[in-house]
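These are my notebook entries on one protein. I record what I looked up, entry by entry.

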Amino acid sequence: ALVISTPTLADVYVGSAYNQTLTVTGGKSPYTWSITTGTLPAGLGLNASTGAITGTPTTAGASSITFQVSDGNAVTTTKVITINVYAVLAISTTSLPDGYMTTAYNQSLTNTGGKSPFTWSINSGTLPTGLSLNTSTGAITGTPTAIGTALTFKVKDANNISSVASSSITITVDAALTITTASLSDAYVGGAYNQTLAATGGKTPYTWSITSG
């Protein structure tokens, strides 16, 4: 019996060369391949004589295609196979907000493209003490206790395709913001007054306001 024996077709990424060949068992050669429903992703073509699907896809998406093969006796058979085209995997996080010592931190790295699930790791550098990276979600959490250095992160998708951030990201950990002025000097009616509130920690510039009184 004439049977299309290709179980699945490999995933491909936008802009990457693709070369997969449909296979058949039974029947009488020569074989002729065609598509009866659906269309190949833009940029790919089917060789009717060999069953080879080649080219460079230009658009991401899933294409469900009914392939048909006809043998030397004009006997035909069909099979539906999906080709998945994924966008190029890239880390989209370009910066991370500052953290504060003794204050809980929770920020997540993000990516575009690729095939889930994704796996995150640190490509270079180290996280500030007290913080950790969730390799499954890209979340950076914890309570930092020391300043950090510049890091580059790496993400890998389900097809083991990897992407490394194009530039370093620094997580700056600042000391806790504290108003250090304990009291203000007395003033007298009609007397000029000039006293300045002071603060330490945090990140300059500071903005002062009154919340009560």
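I looked first for aromatic pairs, taking rings of Phe, Tyr and Trp (its six-membered ring) as paired if their centres lie within 6.5 Å. The count by this rule is 1 aromatic pair. Tyr13 and Tyr86 form this pair, with 6.0 Å centre to centre and 40 degrees between the planes, and it is tilted (planes under 30 degrees apart are stacked, over 60 edge-to-face, the rest tilted). The pair links distant parts of the chain, as Tyr13 lies in strand β2 (residues 12-13) and Tyr86 in strand β9 (residues 76-86), 73 residues apart.

I noted the basis of these values: the model is predicted, local features need pLDDT of at least 70, side-chain atom pairs count only at pLDDT 80 or more, and totals for chains, interfaces and linings use all residues. Residues are numbered from 1 along each chain as its sequence is written, and side-chain values use heavy atoms, without hydrogens and water.

In the protein, buried residues make up 27% of the 213 residues.

I looked up the secondary structure and found 0 helices and 22 strands; these are DSSP runs (helices H or I, at least four residues; strands E, at least two), numbered from the N terminus.

I turned to the overall dimensions last. The C-alpha trace spans about 110 × 35 × 25 Å along its principal axes. The radius of gyration, taken over C-alpha atoms, is 30 Å, whereas a compact globule of 213 residues would have one near 17 Å (the rule is 2.2 Å times the number of residues to the power 0.38).

Terms used. Buried means under 20% relative accessible area, exposed over 50%, partly exposed in between (1.4 Å probe, protein chains only).
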